Amino acid sequence: MEPAIKILIYIHAFFGGIGLITGIGSIVVKKGGKLHKRMGKLFSIGMITSSLISLPICWMPKHQNIFLFLIGLFTIYLVISGNRALGFKTKPKADLLDKIISGTMLFFSAVMISIGLYCQLNNIANGILFTFFGGFGLFMTVKDFIFYRNFSETNRNWLSKHIGKMVGALIASITAYIVAGLGIGSLIAWIAPSILGTFYIIYRNKKIEPKAKTIINPS
């Protein structure tokens, strides 16, 4: 069993590496260009494949890890939701699948927060990580439903949602590299990429804000 698990872990790491490299590349190249789109597709394939492989590994003997299982689900949500955000450029409203994706992650975010609070109240290690990432997931999914409810021709912040979700998935890849690849498993190593990535998302959204206003209210 263990040799098979190791093979799965290597495949998981390989696709995670593809996601990390192409994710960084998609940030560096010109946004909206052919290269950006191609790297974005490779990033999505790499991250989803890597995360899907990680899900069964987290339940295998000597590798059980509910936290990494939930993080894998969170990463899949970010990539799928980030890609679907592009569809709001043309479609009139959120469909049932959009709501199912967000609703599923909302449920698992609540699970993460509950586990985190239980661990913290009982002095169990890493409870803060469950609470931290569960809080992020809750924040994002609640914003999803607010967006779905208030969506209109004058409220098309689909690009902001795309940037936030895809950068969020890249943050997950960078965190995995630091923790698993470099073997730095401290609390700072887990949390710092998310904090720094959030500042980058805010910066990117501020940068596209004037363009969004121009598109909505052309002079």
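Helices (H or I, at least four residues) and strands (E, at least two) are taken as DSSP runs and numbered from the N terminus. The structure is a predicted model, in which local features need pLDDT of at least 70 and side-chain atom pairs count only at pLDDT 80 or more, while totals for chains, interfaces and linings use all residues. Residues are numbered from 1 along each chain as its sequence is written, and side-chain values rest on heavy atoms, with hydrogens and water left out.

Helix α2 covers residues 34–57, and S50 lies within it. S50 is buried, with a relative accessible area of 5%; buried means under 20% relative accessible area, exposed over 50%, and partly exposed in between (1.4 Å probe, protein chains only). Leaving aside residues up to four places away in sequence, S50 touches H12, F15 and G16, where contact means heavy atoms within 4.5 Å.

Two packed helices are described by the angle between their axes and the distance between the axes. The axes are lines fitted to C-alpha atoms, for helices over the stretch in contact, and the angles run from 0 to 180 degrees between N-to-C directions. Helix α1 (residues 2–28) and helix α6 (residues 158–181) have axes that come within 9 Å and cross at roughly 130 degrees. This makes α1 oblique to α6; angles under 35 degrees count as roughly parallel, over 145 as roughly antiparallel, 65 to 115 as roughly perpendicular and the rest as oblique. On the α1 side the contact is made by G16, G19, L20, G23, I24 and I27, and on the α6 side by L170, S173, I174 and Y177. By class, this contact has six nonpolar, four polar and no charged residues. Here Ala, Val, Leu, Ile, Met, Phe, Trp, Tyr, Cys and Pro count as nonpolar, Asp, Glu, Lys and Arg as charged, and the others, Gly among them, as polar.

Helix α6 also packs against α5, at an angle of about 165 degrees and with the axes 12 Å apart. That makes α5 roughly antiparallel to α6. M140, K143, D144 and F147 of α5 meet W158, K161, G164 and K165 of α6. The residues of this contact divide into three nonpolar, one polar and four charged.

A further partner of α5 is α3. The axes of α3 and α5 come within 11 Å and cross at roughly 25 degrees, which makes α3 roughly parallel to α5. From α3 the contact draws on I66, F67, L70, I71, F74, Y77, L78 and S81, and from α5 on L129, F130, F133, F136, G137, M140, T141 and D144. These residues divide into twelve nonpolar, three polar and one charged.

I80 lies in helix α3 as well. At 32% relative accessibility, I80 counts as partly exposed. Not counting residues up to four places away in sequence, I80 touches I48 and I101. The C-alpha atoms of I80 and K165 are separated by 8.6 Å, although the two are 85 residues apart along the chain.

Helix α4 (residues 96–121) has 26 residues and reaches 37 Å from its first C-alpha to its last, close to the 38 Å expected at 1.5 Å a residue; the expected span is 1.5 Å times one less than the number of residues.
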